[in-house]
Amino acid sequence: MGQTLLDELELEDFDGRRRRSDLNVPRVTVQRKGNLGLNYAAFKALGEPEAVIFQIDKQGRGFAMRPATQSEKTAYPIRRQNAAHSYVIGGRSFSRAMGWGDDTFRELLPRIVGNRLIVDLRETGNSDGAEK
């Protein structure tokens with residue numbers, strides 16, 4: 001019976017597994033509950049700071065992160081994730097200001113301009129359609 005079933009079905013290998021992102025490309029993720037994640041390439045592009053300050057485009061077209069010290073009034077501390085080479089920023093209030101709900105997950109591709117990471121939300125892959 002088993003071989004007959006194999007003969008009847010047209011089986012092929014499933015190729016839908018999510019592939020690991022290129023670790024050398026800076027990525028920012030908006031995680032559920034509003035935290036933001038940075039891969040090592042993004043953290044390194046910022047200069048490996050202890051904190052960041054968010055800068056928002058008033059028309060909602062994008063935002064930037066610039067390196068900061070924790071002593072700066074509007075700075076958000078960066079924490080290294082345990083057992084990973086990635087980083088997290090507790091940015092719930094920032095995420096809410098951007099209009100992202102607690103169930104939002106986005107993977108964003110920032111550009112490096114000077115010492116800032118800039119995300120243009122109008123670019124493909126960074127728009128509302130990128131929510132997962």
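Among contacts (heavy atoms within 4.5 Å) in the chain between residues at least 6 apart in sequence, 53% join residues at least 24 apart. The model is predicted: local features need pLDDT of at least 70, side-chain atom pairs count only at pLDDT 80 or more, and totals for chains, interfaces and linings use all residues. Residues are numbered from 1 along each chain as its sequence is written, and side-chain values use heavy atoms, with hydrogens and water left out.

**Overall make-up**
- The chain has three helices and nine strands, where helices (H or I, at least four residues) and strands (E, at least two) are DSSP runs numbered from the N terminus.
- From the N terminus on, the order of elements is α-β-β-α-β-β-β-β-α-β-β-β.
- Of the 132 residues in the chain, 36% are buried, meaning under 20% relative accessible area (1.4 Å probe, protein chains only).

**The sheet**
- Nine strands form an open sheet in the order β7-β1-β2-β6-β5-β3-β4-β9-β8, with antiparallel pairing; two strands pair if DSSP finds at least two bridges between them.
- β7 (106–108) and β8 (111–113) are at the edges with a single partner strand each, so one side of each has no neighbour in the sheet.
- Three bridges connect β8 to the antiparallel strand β9 (residues 116–120).
- I112 has L117 in β9 as its bridge partner.

**Residue L9**
- L9 is found in the loop between α1 (2–8) and β1 (28–30).

How values were computed. Buried < 20%, exposed > 50% of the residue type's maximum accessible area, 1.4 Å probe, protein only.
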